Amino acid sequence: MDYVKLGSTGLEVSRLCLGCMTYGDPNRGNHAWTLPEEQSRPLIRQAIEAGVNFLDTANTYSDGTSEEIVGRAIREFSRREEIVLATKIFFRTRPGPNGEGLSRRAILAEIDNSLRRLGTDYVDLYQIHRWDASTPIEETLEALHDVVKAGKARYIGASSMHAWQFTKALYTSRLHGWTEFVSMQDHLNLLYREEEREMLPLCRDQGIAVLPWSPLARGRLTRDWNESSERQQSDNVGTALYDATQEADRRVIEAVAAIAKARGVPRAQVALAWVAQKSGVTAPIVGASKPHHLNDAIAALDLKLTGEEIAALEAPYVPHAIAGFQ
């Protein structure tokens, strides 16, 4: 496993980040396809033993049970100081007023709740899961700054927003001398490349780490156009992200299949290699519900696509409506 700096920080992370939304109580939240703890633990262990030191979860994944499972696994399969642990805040955690968002009250309460579930004194990366249009960005950034100064988070990051919003946040932090975002977790894969227009250039210019989520388009890039999966059938978020009638997407998937066949490797390796080779990308976030998912992800890091192959993969793409900001 190779390790790189997280953006312009001194923190070293593996070139893959294990996305832990897959792990949680399937009876909690809206992720019926998640794996219960006894099925999750071997996969987390496999990732850690393969050298993945970067794990990402969120306070709302399976009503917080993802954080609980991840925390217990880290304590059993590694040492806390060897793991770069990331979690997120924004989405609703309970009904009624103040049960969601990025207010000062929400941030100071939810960091403590996440630390309790994770069984740790700090997280390495605390991320805002989305932009909160109903809370002044100054309130959010000062609260995050206080979380860092209290020692409860080492760094802060953001996810899926407009480039102008991210620029506003960076500028506001600098204006007040508050802790700045060091990473952007955004939606990027061969079926959705809108981040190439503004967000990726911004992050390269500012030394921000890029941590793409859904690099395999929730598995759509790993199978034929007309094939589905158990998760796809019940994943309402994925249905909103990708248009099953988009002809250009079908041609992208066919290009992945053709190159994979010519190379003699699984399609997942080709699709993930494209993301990993993208200029400015630090560590794609990969989910794994089967051992071969991790094997393919690790192998993808050594698969170097040629310029001709990259051109063939990118040629069918057409502009898409913005997706993933909600």
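Here are some questions and answers about this predicted model.

Q: Why are helix 9 and helix 10 called roughly perpendicular to each other?
A: Helix 9 (residues 247-263) and helix 10 (residues 267-277) pack at an angle of about 110°. Angles from 65 to 115 degrees count as roughly perpendicular, so helix 9 and helix 10 get that label. Their axes are 8 Å apart, and helix 9 passes helix 10 in a right-handed crossing.

Q: Which residues make the contact of helix 9 with helix 10?
A: Helix 9 brings Ile 253, Val 256, Ala 257, Ile 259 and Ala 260, while helix 10 brings Arg 267, Val 270 and Ala 271.

Q: Why does Arg 72 count as partly exposed?
A: Buried means under 20% relative accessible area and exposed means over 50%. Arg 72 comes in at 35%, so partly exposed is the word for it. You'll find Arg 72 in helix 2 (residues 65-77).

Q: What makes Glu 37 a contact of Arg 72?
A: Contact means heavy atoms within 4.5 Å. Leaving aside neighbours within four places in sequence, Arg 72 is in contact with Glu 37 and Arg 41. The C-alpha atoms of Arg 72 and Glu 37 are separated by 9.7 Å, with the two 35 residues apart along the chain.

Q: Which residues have the most contacts inside the largest nonpolar core?
A: Leu 18, Phe 166 and Phe 181 do, in a core of 78 residues.

Definitions and conventions: Residues numbered from 1 in each chain as written. Predicted model: local features only at pLDDT ≥ 70, side-chain atom pairs only at ≥ 80, totals over all residues. Heavy atoms only, no water. Axes fitted to C-alpha atoms, helices over the stretch in contact; angles between N-to-C directions. Helix = DSSP H or I, 4+ residues; strand = E, 2+ residues; numbered from the N terminus. Parallel < 35°, antiparallel > 145°, perpendicular 65-115°, else oblique. Left-handed = near helix turned anticlockwise from the far one by under 90°. Buried < 20%, exposed > 50% of the residue type's maximum accessible area, 1.4 Å probe, protein only. Core = buried A, V, L, I, M, F, W, Y, C linked by side-chain atoms within 4.5 Å.
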